[in-house]
Amino acid sequence: MISPALLFLLVVGTIPLVSLIVMGLWRIDLIGFKPDAYIGFENYASMAGDDRFWESVRIMVIYTGSSVFLQLVIGLALALALFRPMRGQAILRIALLLPMILAPVAVGLTWRTLILTPDYGILDAALQVIGIGPSPWLTDPTWALVSVIMIHTWQWTPFAFLVFTASLHAMPSDPFEAAMIDGADAWQRFRDITLPLLRPAIVVVIILRTMIALRAFDAIYSATGGGPGTATEILNLYAYRVSFTSLDLGYGAALGTVLLLITAVISIVVFRFRQSHG
Amino acid sequence: MNTFARYKSSIVNFVTYTLLLLAILIWSVPIIWVIVTSLKPRKLIFNDPPSLFFLPTLNHYIDALKTGGIVDSIVNSLIISVFSTALAMLVATPAAYAYARLRFRMRTPLTFYTLLMQMAPPMGLLIPFYFGLSKIDLLDTYIGLITIYLTITIPFSVWLMMTYFADIPFELEEAAVIDGASRFQAFFWIIMPLARGGIAVTTIFAFINAWNDFLYAVVLSGPRTQPATVAIFSFLAAEESRWGPFTATAVMIMGPVVVIALFAQKHIVQGLSLGGVKG
């Protein structure tokens with residue numbers, strides 16, 4: 001029963017992955033004048049000396065680290081603060097749902113135009129009311145990186161919120177009652193009961209969100225295109241530009257292989273985690 | 001309750017409701033603003049500060065639909081998403097059942113393999129896809145694109161449906177088999193109806209993932225098969241930024257997904273927590 005699916009994945013999944021690794025050992029330059037040739041690890045050797053590669057790794061780490069951290073903290077804080085019967089929860093649920101399932105391209109383009117354009121974007125206009133700006137959201141390198149992190153955080157904090165809320169709902173009430181009787185204050189209850197019980201949910205959020213942040217493309221591409229210059233060019237975008245703008249498929253494939261390795265390591269962690277936690 | 005406690009609890013109430021309102025605003029205003037702008041007369045779009053009150057117009061929608069290629073691109077999006085979803089469900093449903101139920105050799109490594117396929121970075125796959133499709137002349141064709149999209153929809157559908165099949169009690173099939181049903185009959189008549197919810201969630205997510213995709217589309221499609229997520233860029237070229245038709249098109253791209261979300265809210269929350277969206 002699995003054979004059709006496996007057969008398909010083998011042909012259209014595994015063969016490409018193997019070819020990716022093989023292509024990384026070749027020179028395949030579609031606009032160069034040199035013919036395709038097997039060059040061994042030369043692509044990797046040039047990668048080691050490629051400043052733009054290291055810069056893209058650095059930006060990827062900043063982007064992934066800070067957006068996952070922000071999603072975690074904001075998501076957890078909101079989930080804890082709003083974990084009580086309140087009117088308006090249903091509206092919040094819908095409001096939080098949409099950013100996650102709408103096309104990231106539409107989201108990125110919307111932020112680039114309607115929200116962050118100096119003077120005409122609503123965020124910029126709103127900040128001007130309290131005397132901040134106009135700000136170079138997408139035109140200054142530092143601001144641009146902050147902006148794409150903000151967009152990603154906006155789009156994915158709802159995920160952390162939903163996971164934490166579900167986890168809070170599933171918590172047993174006995175330990176809290178026992179702690180109340182023993183006279184533990186709110187902070188002690190949070191630190192010694194809530195937080196340890198939330199641990200699996202926190203791990204899930206960190207792992208899944210890291211995977212997604214590492215492969216972020218659509219929203220960054222549509223908001224900044226990786227720029228200005230290379231200010232928001234995470235490894236994923238660098239591999240894209242090398243492969244499909246410079247048409248240097250061999251080097252692009254080597255960069256893709258590095259991405260694949262990072263992903264594979266995280267997949268193993270995810271799998272172990274799923275196996276041990278059902 | 002003494003006065004102080006009542007005072008304190010009303011402050012807490014006020015703070016949490018403010019927070020709730022703030023959260024709703026932060027996450028809904030950008031989307032509402034797209035809809036508002038798409039209905040705004042052109043003269044008012046570039047008002048500083050942004051104008052809130054105006055007579056709504058559908059001109060931008062007419063404008064967008066008249067722009068060469070937009071209607072075609074929406075049709076392309078539909079063709080590609082519908083086919084890649086339907087085919088994925090056809091292949092993934094039995095596969096997910098087998099993973100969840102049957103004990104066979106290599107089950108664990110094959111499960112891991114499916115997961116890895118779901119986790120594989122799209123950029124890593126795109127490079128050989130582009131190379132391969134150009135070699136066999138399938139760039140910018142429906143067959144090429146649908147096949148490639150199946151690599152998104154199949155592994156994810158298998159992974160998601162597995163959890164639903166695993167939740168159905170084993171005894172139900174056993175009873176059916178004891179009563180003389182074949183394994184296939186048991187699957188078709190007992191399990192499938194029970195897994196209806198899971199199948200619905202998976203179908204929804206397979207469709208959303210295909211509908212929203214941009215990365216594969218921007219490289220592997222072309223003038224003949226370009227989906228709406230790529231075509232929408234034409235309104236925001238460097239020399240002129242046409243916010244009106246851009247927002248109208250964005251609403252048309254978001255529309256189907258919003259409608260699905262409103263009708264299947266619970267399912268979507270469930271699917272998301274199982275890793276339903278590729279990001």
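In what order do the elements of chain A run from the N terminus on?

1. Basis of the note. This is a predicted model, in which local features need pLDDT of at least 70 and side-chain atom pairs count only at pLDDT 80 or more, while totals for chains, interfaces and linings use all residues. Residues are numbered from 1 along each chain as its sequence is written, and chains are lettered from A and ligands numbered from 1 in the order in which they are written.

2. Elements of chain A. The order from the N terminus is α-β-β-α-α-α-α-α-α-α-α-α-α-α. In total, chain A has 12 helices and 2 strands; these are DSSP runs numbered from the N terminus, with helices being H or I of at least four residues and strands being E of at least two.

3. Along the principal axes, the C-alpha atoms of chain A fill a box of roughly 75 × 55 × 35 Å. Chain A has 278 residues, of which 46% count as buried. A residue is buried if 20 or more other C-beta atoms lie within 10 Å of its own, exposed if 12 or fewer, and partly exposed in between, with C-beta atoms placed from the backbone. Among contacts in chain A with a separation of 6 or more, 68% join residues 24 or more positions apart; two residues are in contact if their C-beta atoms, placed from the backbone, lie within 7 Å.

4. Interface between the chains. Contacts link 73 residues of chain A with 72 residues of chain B. On the chain A side, helix H1 (residues 3-23) gives the most, with 12 residues. By class, this side of chain A holds 56 nonpolar, 12 polar and 5 charged residues. Here Ala, Val, Leu, Ile, Met, Phe, Trp, Tyr, Cys and Pro count as nonpolar, Asp, Glu, Lys and Arg as charged, and the others, Gly among them, as polar.

5. Domains of chain B. Chain B is divided into domain 1 (3-59) and domain 2 (61-273), with bounds that come from an automatic or database domain assignment. The C-alpha centres of domain 1 and domain 2 of chain B are 33 Å apart. Between them, 8 residues of domain 1 of chain B are in contact with 9 residues of domain 2 of chain B. Helix H1 (3-38) and helix H2 (42-45) of chain B each supply at least two residues of the domain 1 side, and the largest share, 4 residues, comes from H1(B). That side of domain 1 of chain B comprises 4 nonpolar, 3 polar and 1 charged.

6. Nonpolar core. Which residues touch the most other members of the largest nonpolar core? They are Ala96(B) and Val158(B), in a core of 161 residues. Such a core is a set of buried Ala, Val, Leu, Ile, Met, Phe, Trp, Tyr and Cys residues joined through C-beta atoms within 7 Å. Helix H7 (residues 142-167) of chain B contributes the largest share of this core, 15 residues. Domain 1 (3-59) and domain 2 (61-273) of chain B both give residues to this core, so it lies between them. Not counting residues up to four places away in sequence, Ala96(B) touches Val158(B), Met161(B), Met162(B) and Phe165(B).

7. Backbone points to check. The peptide bond from Gly227(A) to Pro228(A) is cis, with omega near 0°, and Pro228(A) is in the loop between helix H10 (218-223) and helix H11 (235-245) of chain A. Asp119(A), not a glycine, has a positive phi of about 75°. Asp119(A) counts as partly exposed, with 14 C-beta neighbours inside 10 Å. Asp137(B), also a residue other than glycine, has a positive phi near 60°. Asp137(B) is exposed, with 9 other C-beta atoms within 10 Å.
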